Amino acid sequence: CVEPKFDGASISLVYENDHLLRGVTRGDGIEGDEITTNIRQVRSVPLSAPFSKFGIQQIEIRGEVMMNKTNFKKYNEWLAAQNLPPLANPRNAAAGSLRIKDPKEVKRRNLEAFLYHVSYVAHQGSELPAELMSHGASLTFLWQLGFRSPEKEKRVVQGIQGVIDYCREFESKRDDLPYEIDGMVIKVNDTELQEKLGM
């Protein structure tokens with residue numbers, strides 16, 4: 001499964017009993033900052049989703065908070081009008097926004113989030129829900145529940161040539177994207193195989 005590597009601030013969201021319980025930054029991979037109040041200001045993050053219909057009691061979803069190019073430009077223009085220094089780039093703008101104490105200021109920055117990885121699931125039954133048996137299917141699942149996943153940006157391919165072809169195709173339109181990317185991510189699509197490989 002090939003998809004863009006979004007250039008934003010890494011986040012982890014935990015939903016329990018269908019409701020957003022906690023949002024944290026990924027930090028150093030071990031410890032992050034609790035940012036639930038600020039995550040609630042990001043319009044593309046649902047505050048609830050019907051996970052329980054699929055037997056899911058708790059789920060952790062990882063992704064990136066970003067400021068798209070248009071909103072970054074508008075915000076820097078607003079800063080200039082206040083005689084304040086501009087922000088350096090969209091990634092730093094997004095990361096800094098998540099640590100702001102004033103939720104109204106976070107909302108003003110028009111952040112958005114792409115959610116691209118289900119990292120933990122507590123569910124009924126011994127097997128994962130069918131919707132989570134592959135990475136590509138999990139992105140479709142998140143999209144259908146109202147999350148902004150890379151459902152439209154992903155492509156499931158077979159063989160290395162398929163990977164290379166899609167990377168080249170995406171690279172050709174990189175400058176026209178509304179957001180910044182760092183390249184492409186190639187993931188094993190089969191969830192069970194991912195676990196065996198320790199991914």
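Reader: How many helices and strands does the secondary structure of the protein chain come to?

Author: The protein chain has seven helices and six strands. Keep in mind that this is a predicted model. Along the sequence, the elements follow the pattern β-β-β-α-β-α-α-α-β-α-α-β-α.

Reader: Where is confidence lowest and where is it highest in the protein chain?

Author: Helix α7 (residues 191-196) has the lowest confidence, with a mean of 74, while helix α5 (residues 135-144) has the highest, at 96. Over the protein chain the average pLDDT is 91, and 98% of the residues score at least 70.

Reader: Let's turn to the aromatic rings. Why is the pair of Phe 114 and Tyr 179 called edge-to-face?

Author: Happy to go through it. A pair of aromatic rings is described by the distance of the centres and the angle of the planes. For Phe 114 and Tyr 179, the centres are 5.3 Å apart and the planes stand at 65°. Pairing asks for centres within 6.5 Å, and edge-to-face asks for planes over 60 degrees apart. Both values pass, so the pair is edge-to-face. The structure holds ten aromatic pairs.

Reader: Which parts of the chain does the pair of Phe 114 and Tyr 179 link?

Author: Phe 114 belongs to strand β5 (residues 112-123), and Tyr 179 to the loop between α6 (160-172) and β6 (181-186). They are 65 residues apart, and the pair links distant parts of the chain.

Reader: How do you know whether Phe 114 is buried or exposed, and what about Tyr 179?

Author: Buried means under 20% relative accessible area. Phe 114 has 1%, so Phe 114 is buried. Tyr 179 has 5%, so Tyr 179 counts as buried too. In the protein chain, buried residues make up 44% of the 199 residues.

Reader: Which residues have the most contacts inside the largest nonpolar core?

Author: They are Ile 11, Tyr 15, Ile 39, Phe 51 and Phe 147, in a core of 35 residues. Among the elements that each supply at least two residues of this core are β2 (9-16), β4 (56-66) and α2 (69-81). Another core, of 13 residues, lies apart from it and includes Val 2, Phe 170, Leu 177 and Tyr 179. In soluble globular proteins, nonpolar side chains tend to be buried together.

Reader: Which residues do ring pairs link into a cluster?

Author: The cluster holds Tyr 15, Phe 51, Phe 54, Phe 141 and Phe 147. Leaving aside neighbours within four places in sequence, Tyr 15 is in contact with residues including Leu 20, Val 45, Phe 51, Ile 59 and Phe 147.

Reader: Lys 154 has a relative accessibility of 16%; why does Lys 154 count as buried?

Author: The cut-off for buried is under 20%. At 16%, Lys 154 falls under it and therefore counts as buried. Lys 154 is found in the loop between α5 and α6. Not counting residues up to four places away in sequence, Lys 154 touches Cys 1, Val 2, Glu 3, Gly 136, Leu 139, Thr 140 and Tyr 166.

Reader: Why is Glu 60 called buried?

Author: Its relative accessible area is 18%, so Glu 60 is buried by the under 20% cut-off. Glu 60 is found in strand β4. Among the residues that Glu 60 touches, beyond those up to four places away in sequence, are Ser 12, Val 14, His 117 and Tyr 120.

Reader: Why is Asn 83 called exposed, whereas Asn 110 is called partly exposed?

Author: Asn 83 has 73%, so Asn 83 is exposed. Asn 110 has 27%, so Asn 110 is partly exposed. Asn 83 has a positive phi of about 60° although it is not a glycine, and phi of Asn 110 is near 50°, also positive.

Terms used. Residues are numbered from 1 along each chain as its sequence is written. This is a predicted model: local features need pLDDT of at least 70, side-chain atom pairs count only at pLDDT 80 or more; totals for chains, interfaces and linings use all residues. Side-chain values use heavy atoms; hydrogens and water are left out. Rings of Phe, Tyr and Trp (its six-membered ring) pair if their centres lie within 6.5 Å; planes under 30 degrees apart count as stacked, over 60 as edge-to-face and the rest as tilted. Helices (H or I, at least four residues) and strands (E, at least two) are DSSP runs, numbered from the N terminus. Buried means under 20% relative accessible area, exposed over 50%, partly exposed in between (1.4 Å probe, protein chains only). pLDDT is the predictor's confidence in each residue, from 0 to 100. A nonpolar core is a set of buried Ala, Val, Leu, Ile, Met, Phe, Trp, Tyr and Cys residues joined through side-chain atoms within 4.5 Å. Contact means heavy atoms within 4.5 Å.
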